[in-house]
Amino acid sequence: MNDINHPFIVSGPCSAETENQVLQTAHELKKVAGVKVFRAGIWKPRTRPNYFEGVGKKGLKWLQRVKSETGLKLAVEVASPQHVEECLKHDIDMFWLGARTVVNPFSVQEITEALRGVSNPIMIKNPVNPDLKLWIGAIERVYAAGANKLIAIHRGFYTLNKSLFRNPPMWEMPIELKRAIPNLPILVDPSHIAGTTNLIPHIAQKAMDLEMDGLMIESHHRPDSALSDAEQQITPNQLGELLDGLVIRDRSDRSDFQDKLAEFRTQIDEIDDELLDILSKRMDIVNEIGAYKKDNKITILQLKRWSYIIENRIKKGVDQGLSKEFLVKVLKLIHIESMRIQTEIMNIHKQNEE
Ligand code: PEP
Ligand code: MN
């Protein structure tokens, strides 16, 4: 974990499903340089009932086979004292607290009591909601029970906004965590941040550029047939390619100045992502308005509404410190694009009538 030039890699399926799936995936992962720990969910927290909820403790025996056949260390999510007890009976090396558990201090405390005196490393995912204090609170609870091999896992946060990501990374959160607890290693979980496989390499690289300590990435020998999180799992082969493609920049010669700059750039990237999400959401609504106007034979340009928007937005923007000239330009561009979209909708309608 302390070797900054070699990120610590945890990989394995979202869920253990069958003995064959677990063993096959583990043997393939064993061939991927850098993978140290095999992860698999045994008990799965699902948002709604009647979905696959994990195979339960029989899966722990499959994991023991993984360890004896591949030598990989094992990591399992624990969400109750019983889970901890079962894992200890089955030689699981590392535990993690999931995002849905960390939101609840009662649950964290209960698990913590079961971990008293246990020397295995404990990984603590961020809570689902973007609350740094709740994340730090869970870390403090586990630390207070005497666990001193702690690792944080950044898996992104729930947002109401439309987003490219399943759980937007909000990188300022792990950066703030690093500042609050400087020696705590942080792994990044690009799988749960992305929700789809195509964004995973980009997030993994970003994690390295921000000097995070490692990655937890979901992998499956046949992702398409996975019983949970099928869209975000990659094959061990793909993981190998991803890791080979990572650029690990030399950290030793980075000055504080560069670190600060990287932090500002991250914030700008984040804000630009949000700007794009918001613009796209606005244009989605424009599309709906266009369809509504078309159905009700209302004209596109409604001058009263447009004058209201200009006056109202400029006033608000100026109050927030933006210049009037800039606001006028941005609002005009948005307006032109909105009109273009609505005109396109009307034209499609006309063509259909012809
Ligand atoms: C998982 O790692 O499979 C999982 C359920 O993650 P999270 O707690 O981050 O949603
Ligand atoms: Mn998962």
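Let's start with how the chain folds back on itself: of its contacts (heavy atoms within 4.5 Å) with a separation of 6 or more, 73% are between residues 24 or more positions apart. Please keep in mind that this is a predicted model, where local features need pLDDT of at least 70, side-chain atom pairs count only at pLDDT 80 or more, and totals for chains, interfaces and linings use all residues. Residues are numbered from 1 along each chain as its sequence is written, chains are lettered from A and ligands numbered from 1 in the order in which they are written, and side-chain values use heavy atoms, leaving out hydrogens and water.

The chain holds 13 helices and eight strands, which are DSSP runs numbered from the N terminus (helices: H or I, at least four residues; strands: E, at least two). Of its 354 residues, 47% are buried, where buried means under 20% relative accessible area, exposed over 50%, and partly exposed in between (1.4 Å probe, protein chains only).

Now look at the manganese ion (ligand 2). C14 (SG), H192 (NE2), E218 (OE) and D229 (OD) coordinate this ion at 2.1 to 2.4 Å; donors are N, O and S atoms within 2.8 Å of the metal (3.2 Å for Na, K and Ca), and water is not among the atoms, so sites may look incomplete. E218 sits in strand 8 (residues 214-218), while D229, eleven residues apart from it, lies in the loop between strand 8 and helix 10 (236-245). E218 counts as buried because its relative accessibility is 0%, and D229 counts as buried at 15%.

For a contrast, visit L276 in helix 11 (residues 256-295). L276 counts as exposed because its relative accessibility is 56%.
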